[in-house]
Structures are given as C-alpha cells and as structure tokens.
Amino acid sequence: MERAVREATTGGPLVLDVRGRPGPPPLRFVRARDGGPPTLHLGDRPLTRARWHGGGCCRELHLRRLPGYRSPLPPPRAASMRDPAADWRHRCARRLEDSPHGPLHDGRWSLTARASFAPGIWTEDFVRDWPDTVLELLCGGGWHGVLPLRPLSPPGAPRVKAYRKHARDGSLAPVLLWWVSFLDGWLILDGHDRAVAALAEGTEPACVILARLPDESEWRRTADAVAEGHVERLSRLSERPAGPGTERQRAALERGYTDALATLPYDEAPTPLWPPADDA
C-alpha cells in the first residue's frame, strides 16, 4: 500500500495526507436510503443495525451491533509496549495504512495521543451492553461516549489479566478510537481488552484518536471567511475613541483571529457517509 504523506506539525497531531485510495474504504458508514441512521459496514458485511426513536433533534439511536468486526491492527507485543521511546501515533498510522480492514481513504486524517477525557466518558457513557444499546443524542451535543464493536471480555479473562499488569506498570499500549461526527463520540477500532484492563485497574485508558480533517481547499475557504469577519470587526473598532479599552479589545481580537487560523487545518471534519453498494 502507498504510504500517506506526513504533514509536519509542532507539538500537535500526526497528520496523514492519504492519496491513491479513492474509497469506499473497507470500514465505513453507509447512508440509509429511507432517512434512517447510517450503518457501519466492513466490506460487504453490515456491523450495525440502527433506527431512530423520537422526534426533533433530541432523538434516541437504537443500535444493534452484529458479529464480524475485525480490528485493523495486530495485537501489540509485550516488548513493544515496554519500549519507552514508542510513538504509538506513528505505529497506528503504519498499521492502518497496511490494513485491509480500516477506514482510511483519500483525504487528511489526524492521529492524536490523548490521556484524559471529560468526566463520564469512560463510565456512564462507555457502552458495556452487547449487542443492543440505546444512545441518547442530545440537541446540538451528540452523544459523546465510547462504543465497542465487539463484546467486552470480563476483567478476569487471561488476556485482560496480562494487560492489567501492563496497566499497573504504566506500559499498556493505547486504545485506538475513531471519532465519528454524527455521534459526536468514538468507536473502539483496536484495544477492547486494553480498555477493560485499564478500567479494571482504576484508570482511564490512554488513547490514540483517529479523526478526519478538512481538505486544504475546505479549511482555506473557512479561513477566507474568518479573515473577512476579522477585518469587519477591526473596522468597527477603529471608529471608537482611542484609549486603553479600545487597545485591549483590539489585542483580544488579534489573539482570537490568530488562534482561529491556527486550529482550522486540524479541526475535526464530518465523517463521510458512503452510498449503498448497489446504489445506481
């Protein structure tokens, strides 16, 4: 497989510019013809069935996960987990590029290391039921939880017990999550047992987050609109009497403008929905 171009960033995510993979990718969300929720597919096999319940924006997503999910990453070796110099973003990137079961397709992607989450993400919003669950999608806020794609092993399962020792030693490999925009939440792509092990040891699992980023043409259009608005606000500010208050507002506007431009290329983009395979 062709390697994605790595974009240089300073202290930020690992950014992949994937080319030569027009899609659809093996692991993808497929758009429903009847206006229902999208479903997750791996190749020709559906991995979820779903339906909306309720009206308005605060609907419930009734979801059933089906067997057949395959992780795009091989299990990490104990020696590799103990390597203090390991950069798991790069390791996940290489393995996702080589995998026949992953979600990568043409465009920009980020892989970000994350060690902490908002309260509740790995407790009440971590789905432990299988196969059925109900996700409450809040108005304007999505769901904001973590969804496994296979049944969770018990904390005493042999592999989980081995991972629990790594969790105690601080050498547990991170869980690979995929951020999905229409859920405003994450799917576990790899590391179900590692997530169980970390939680059983009383800690949140360290994670690597895979997310789709806007293409350059998209974020540059947004940057042009932001710049236009910034010029308008500065123009209105220039009509006010000069003084310390006006200068403080001008400095605040400049800081906000600079910060907004700096984050635009790395803001999470919507998760693509692909047409059904037999769509004409």
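The structure is a predicted model in which local features need pLDDT of at least 70 and side-chain atom pairs count only at pLDDT 80 or more, whereas totals for chains, interfaces and linings use all residues. Residues are numbered from 1 along each chain as its sequence is written, and side-chain values use heavy atoms, with hydrogens and water left out.

The secondary structure comprises 6 helices and 14 strands, where helices (H or I, at least four residues) and strands (E, at least two) are DSSP runs numbered from the N terminus. Along the principal axes, the C-alpha atoms fill a box of roughly 70 × 50 × 40 Å. Of the 280 residues, 42% count as buried; buried denotes under 20% relative accessible area, exposed over 50%, and partly exposed in between (1.4 Å probe, protein chains only). Contacts are defined by heavy atoms within 4.5 Å, and residues 24 or more positions apart account for 66% of the contacts with a separation of 6 or more.

Strand β13 (residues 207–213) is largely enclosed by the rest of the structure, because 7 of its 7 residues are buried. Both faces of β13 are covered, with C207, I209, A211 and L213 on one side and V208, L210 and R212 on the other. Strands are taken as paired if DSSP finds at least two bridges between them. Strand β8 (residues 107–114) runs antiparallel to β13 and is joined to it by 7 bridges; in this pairing, A113 has V208 as its bridge partner. Strand β11 (residues 175–180), by contrast, runs parallel to β13, with 4 bridges, and L177 stands opposite I209.

A further antiparallel pairing, over 5 bridges, links strand β7 (residues 60–65) to β9, and L135 of β9 is the bridge partner of L61.

In soluble globular proteins, nonpolar side chains tend to be buried together. A nonpolar core is defined here as a set of buried Ala, Val, Leu, Ile, Met, Phe, Trp, Tyr and Cys residues joined through side-chain atoms within 4.5 Å. The largest such core has 44 residues, and those with the most contacts inside it are L111, L176, W178, L187 and L210. Helix α2 (residues 88–98) gives the most to this core, with 4 residues. A second, separate core of 15 residues includes V146, L177, W186 and I188. Beyond its neighbours within four places in sequence, L210 is in contact with several residues, including L96, P103, L104, W109, L111, L176, W178 and L189.

Helix α4 (residues 192–200) is likewise largely enclosed by the rest of the structure, since 8 of its 9 residues are buried. Among these buried residues are H192, D193, R194 and L199. The buried residues of α4 pack against α3 (158–169), β11 and β12 (185–190). Just after α4, G202 takes a positive phi of about 80°.

In the loop between α1 (78–81) and α2 lies D87, which is partly exposed, with a relative accessible area of 27%. Although D87 and A113 are 26 residues apart along the chain, their C-alpha atoms are separated by 9.1 Å.
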